[in-house]
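Work through the exercises below with the coordinates open. Each has a task sentence and a stepwise solution.

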Amino acid sequence: MKKRFLFIFFPFMSAENVAAQGKHHPEEPIIVSDTRQGTEYVYCANKSAIHAGIQPNMLLIDAINIKNKCIILKRDARDEKLLIKNLVEKLKKFSPWISTRKDNSLLLNITGCSHLFGGEK
């Protein structure tokens, strides 16, 4: 039997989690910032902010110059880890082997799980 893996990446997780908590409207541009070597930069942005031209890893001051009316929040790594942990618990019914990654992604061994979705064609 061939081994099958599923890689799931959540590029907007930090920003979308803020909107999902009901604190801000999901259509508002949201930037999650972090500090690297003493400099503030964009860690994550939601789709609205990206549509305005803001990209992850750009300097926060540059992002503010592009879109000055946006919500800027500090990254909460503990909240991200908790969210990933909850996802892992929910996904355990599909895979006994789940690996978490630093970049808000998961790797699941889904070998033998095709019957849960009607089999392979």
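The model is predicted: local features need pLDDT of at least 70, side-chain atom pairs count only at pLDDT 80 or more, and totals for chains, interfaces and linings use all residues. Residues are numbered from 1 along each chain as its sequence is written, and side-chain values use heavy atoms, with hydrogens and water left out.

**Exercise 1. The sheet**

Determine the order of the strands in the open sheet and the sense of their pairing.

Step 1. Strands are DSSP runs of E with at least two residues, numbered from the N terminus; two of them pair if DSSP finds at least two bridges between them.

Step 2. Strand 5 (residues 98–101) and strand 6 (residues 105–109) pair in the antiparallel sense over 4 bridges. In this pairing Thr-100 stands opposite Leu-106, and Arg-101 stands opposite Ser-105.

Step 3. The two strands form a hairpin with 3 residues between them, and Asn-104 in the turn has a positive phi of about 55 degrees.

Step 4. The open sheet has 3 strands in the order 1-6-5, with antiparallel pairing. Its edges are strand 1 (5–9) and strand 5, each pairing on one side only.

**Exercise 2. The cysteines**

Step 1. Buried means under 20% relative accessible area (1.4 Å probe, protein chains only). Cys-44 is buried at 2%, and Cys-70 is buried at 18%.

**Exercise 3. The largest pocket**

Find which strand gives the largest share of the lining of the largest pocket.

Step 1. On a 1 Å grid over the protein atoms alone, a pocket is an open set of points with protein on both sides within 12 Å along at least five of seven lines; lining residues have an atom within 4 Å of a point.

Step 2. The largest pocket is lined by 15 residues, and Phe-9, Pro-11, Tyr-43, Pro-56 and Asp-103 lie nearest its centre.

Step 3. Strand 3 (residues 39–45) supplies the largest share of this lining, 4 residues.

Technical notes:
On a 1 Å grid over the protein atoms alone, a cavity is a set of points where a 1.4 Å probe fits but cannot get out, and a pocket is an open set with protein on both sides within 12 Å along at least five of seven lines; lining residues have an atom within 4 Å of a point. Buried means under 20% relative accessible area, exposed over 50%, partly exposed in between (1.4 Å probe, protein chains only).
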